[in-house]
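Let us take a walk through this structure together, one part at a time. Please have the sequence and the 3D view open as you read.

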Amino acid sequence: MGKRILAGTHFMNGDEACAEGAVAAGCSLFAGYPITPQSEIAERISVRLPQVGGVFIQMEDEISSLAAVLGGAWGGAKAMTATSGPGFSLMMENLGLGLMTETPCVLINIQRGGPSTGLPTLVGQGDMMQARWGSHGDYAVIALCPSSPQESFELTVDAFNLAEIYRLPVLVMSDEVVGHMYERVDIDPDKIKIVERKKPSLPPGEFLLYKPGPNLVPEGMPSFGDGYKVHVTGLTHDERGYPIIDAATQHQNVVRLRDKIYKNIDDIVRVEETATEDADVVIVTYGISARTSLGALNMARDKGLKVGMLRLITVWPFPEAIVKAMAQRVAGFVVPEINLGQIVLEVDRVVRGDTIVRSVPHAGGDIHDPRVILEAIEEVLAHAS
Amino acid sequence: MATAVTKRWKTKLGFLFIQEDECKGCNFCIEFCPKKVLERSEQFNAKGYYPPIVIDAEACVNCTFCELVCPDFAIWSEKLSPETVREGDNHG
Amino acid sequence: MPAKSRALPTPDLLTDVRHPMEKYLRMDRLPHIWCSGCGLGTALSCFTYALDELGLTDADLGVVSGIGCTGRAAGYLNLDSYHTTHGRAIAFATGLALARPEKKVVVISGDGDLFAIGGNHFIHAARRNINMTVLCVNNFNYGMTGGQFGPTTPIGQKGTTAPYGNFENPFNLPYLAASSGAVYVARWTSLDARRVKEAMMEAIQRPGFSFVEIISPCPTNYGRRNRIGDGLDELRYYQENTVIRHGSDPKHADLGPGKEITVGCFVDEPRPTYLELYNELVVKKNQF
């Protein structure tokens with residue numbers, strides 16, 4: 001039997017690091033479909049899962065890939081799929097099924113230029129709002145954004161843990177550059193924390209599949225064959241899991257699915273602040289755009305401009321409190337992202353005019369030129385003075 | 001289903017049971033019973049359907065076709081082992 | 001002779017007597033929603049008797065359903081049951097089967113769910129010989145959504161979206177299942193209840209991808225719009241037009257106006273399952 005955790009220092013790209021993160025986290029089922037720029041995840045995990053007693057299956061499309069992951073999860077497996085824009089769009093309905101049935105699993109999106117076939121081999125970050133609103137109806141998601149292969153490994157492990165803790169599909173929203181760039185990846189088993197699948201503490205008959213615990217998350221998830229005769233349905237359902245088609249059950253069901261994320265937001269949200277203590281302008285960004293923003297930050301600091309960066313590691317749920325607080329003490333925010341302005345809308349919504357919010361858009365196919373970010377910073381400073 | 005009244009008829013080899021209020025009047029059992037044991041009752045049930053009624057219990061051979069084809073779990077049979085059959089009798 | 005005037009046998013009147021298949025049913029969710037005369041209750045009943053005769057419980061087997069009238073079947077069964085998205089039951093079941101290879105996964109769904117939106121998953125799961133049994137109740141239309149025609153609606157027959165009669169060539173399900181690689185393929189009508197139960201038993205016992213089609217009346221939509229009459233009339237039609245041809249070439253089991261309904265077991269040939277091949281050619285071969 002092979003080792004799940006490849007302890008040591010490696011030179012990997014972000015895709016491979018995601019695959020290693022999944023295997024380290026205990027993933028025992030991967031169901032996916034080839035798509036650039038994600039394929040290296042599937043390729044690597046197809047090598048690794050058989051070594052650790054897991055199963056890799058290449059399904060017939062992305063719809064069935066996520067459906068098989070959800071089925072695997074209810075079979076007791078830690079399950080994952082990975083895709084890119086077009087596949088991500090196909091997965092939307094079953095993402096909703098995973099959210100409604102509170103099924104723990106991981107969905108990695110190595111974003112590429114869109115819309116449509118777009119730029120299969122080139123970078124984009126244009127699926128961020130789709131991650132939040134792509135499926136139909138009201139729900140809440142957790143989306144993590146790695147900025148390096150090292151973080152691709154770590155956040156994939158975290159995604160599996162968050163999925164088990166909050167009982168939902170967790171999204172890892174990476175992008176083509178992070179996915180294809182090679183960097184050093186240190187894997188230290190002592191630093192890896194694994195959250196195992198929680199089984200029900202109550203026996204069948206007393207146990208209610210969707211009775212929420214104090215943190216609004218159902219306590220314990222029986223697997224297929226455990227004797228709990230579960231009923232899992234995408235229909236609005238009560239605490240037993242039985243479909244109940246009325247507004248009262250809908251309210252109870254849907255509000256809890258939202259609140260179990262937003263009432264626990266402080267435990268979920270993670271950001272990284274760089275030089276924000278004295279910053280007049282703060283760059284709010286995520287993923288690969290944080291790497292280019294660091295270049296802009298350094299150039300600005302060299303010019304004596306007090307600039308900091310707030311890197312969103314969890315983009316969803318959006319770190320509202322942190323951004324709102326920071327808005328009270330800065331002249332403005334610049335928001336570089338490789339789309340025509342998506343997360344900037346969240347910054348704007350939260351800041352509500354307390355300070356300047358300046359989008360630094362990019363249509364896709366390349367990362368920002370740091371000087372463009374610098375110009376935006378200088379613009380904001382000029383405007384603010 | 002459990003608290004509803006169940007009618008039980010003695011047959012040559014055991015019993016035939018009907019929970020009239022479960023029936024939705026599809027008549028599958030009546031039409032296709034190989035021994036013509038059943039007929040439509042003249043009283044309708046709680047749902048307003050006419051359930052089957054046993055007109056010839058002796059003819060029933062507990063072949064279980066009615067319970068398999070019944071869409072509403074309203075009719076079923078129980079075959080007793082040969083020894084116990086002799087003790088039972090019929091009120092008919 | 002009218003029933004009333006003959007000496008009718010007098011039944012005992014009992015209370016708290018339970019139907020023998022109650023152990024397989026979520027009693028708190030019955031009676032079910034299916035119309036009077038629909039064949040779905042028959043299919044559900046046959047399934048419970050099949051499990052009973054095989055002595056199977058929720059420790060051995062679970063059910064996955066899609067969306068549609070048949071899709072509600074999972075919700076009535078007192079087993080691990082999963083009611084998934086339209087067309088994706090087989091894909092969900094694939095994951096379930098791979099995660100718990102020692103259990104049997106049964107997909108119970110309808111003609112629209114399995115062969116229109118779900119067709120791609122059906123042919124691939126069969127090709128891969130994933131260990132699951134697919135029970136398709138084929139009532140030739142989308143009943144739940146009001147009677148639209150579907151991928152199996154015979155030519156000339158009406159649906160709410162085929163007001164002038166369907167002109168699309170329908171699937172021949174046994175032929176499709178056989179050609180996709182299913183190791184067991186059978187078709188019966190819901191009138192052949194005993195054989196439906198037996199085919200279900202056989203299908204469940206076969207390792208790999210097994211398929212049973214149960215032709216069933218849909219009086220409220222398909223039957224009414226095509227002047228077939230009620231469920232009973234449709235069963236009478238089956239009785240008069242059904243021909244049993246075990247082992248015959250499923251290519252000739254197509255349905256259509258004026259054609260016989262060919263039923264029987266068309267395919268029963270074992271083949272290594274997906275996981276058997278995976279363990280043999282991937283895991284063992286590389287000594288993992």
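Which residue in β5(B) does I18(B) stand opposite? The residue is I75(B). Before we go on, please note that this is a predicted model, in which local features need pLDDT of at least 70 and side-chain atom pairs count only at pLDDT 80 or more, while totals for chains, interfaces and linings use all residues. Residues are numbered from 1 along each chain as its sequence is written, chains are lettered from A and ligands numbered from 1 in the order in which they are written, and side-chain values use heavy atoms, with hydrogens and water left out.

Back to our pair of isoleucines. I18(B) faces I75(B), and strand β2 (residues 14–18) of chain B pairs with β5(B) in the antiparallel sense over 5 bridges. Strands here are DSSP runs of E with at least two residues, helices are runs of H or I with at least four, and both are numbered from the N terminus. Two strands pair if DSSP finds at least two bridges between them. The pair belongs to an open sheet of 4 strands with antiparallel pairing, in the order β5(B)-β2(B)-β1(B)-β1(C). At its edges are β5 (75–79) of chain B and β1 (12–15) of chain C, each pairing on one side only. From one strand to the next, the twist averages 30°.

Now look for another open sheet, this one of 9 strands with mixed pairing, ordered β10(A)-β3(C)-β2(C)-β4(C)-β5(C)-β9(C)-β8(C)-β11(C)-β10(C). Its edge strands are β10 (231–233) of chain A and β10 (242–244) of chain C, and its twist averages 20° from one strand to the next. Within this sheet, β2 (residues 61–65) and β4 (residues 104–110) of chain C pair in the parallel sense over 5 bridges. V63(C) has V106(C) in β4(C) as its bridge partner.

Two helices of chain C come next. Helix α3 (residues 89–99) and helix α5 (residues 119–128) of chain C pack at an angle of about 35°, with their axes 8 Å apart. Axes are lines fitted to C-alpha atoms, for helices over the stretch in contact, and angles run from 0 to 180 degrees between N-to-C directions. On one side are I90(C), A91(C) and T94(C), which meet H121(C), F122(C) and A125(C) of α5(C); contact means heavy atoms within 4.5 Å.

How do chains A and C meet? In total, 41 residues of chain A are in contact with 41 residues of chain C. The two chains bury about 3,400 Å² between them, 60% of it on carbon and sulfur atoms. Buried area is the accessible area (1.4 Å probe) that two parts lose on being put together, summed over both. In chain A, E60(A), F224(A) and K229(A) lose the most area to chain C, together 24% of what that side buries.
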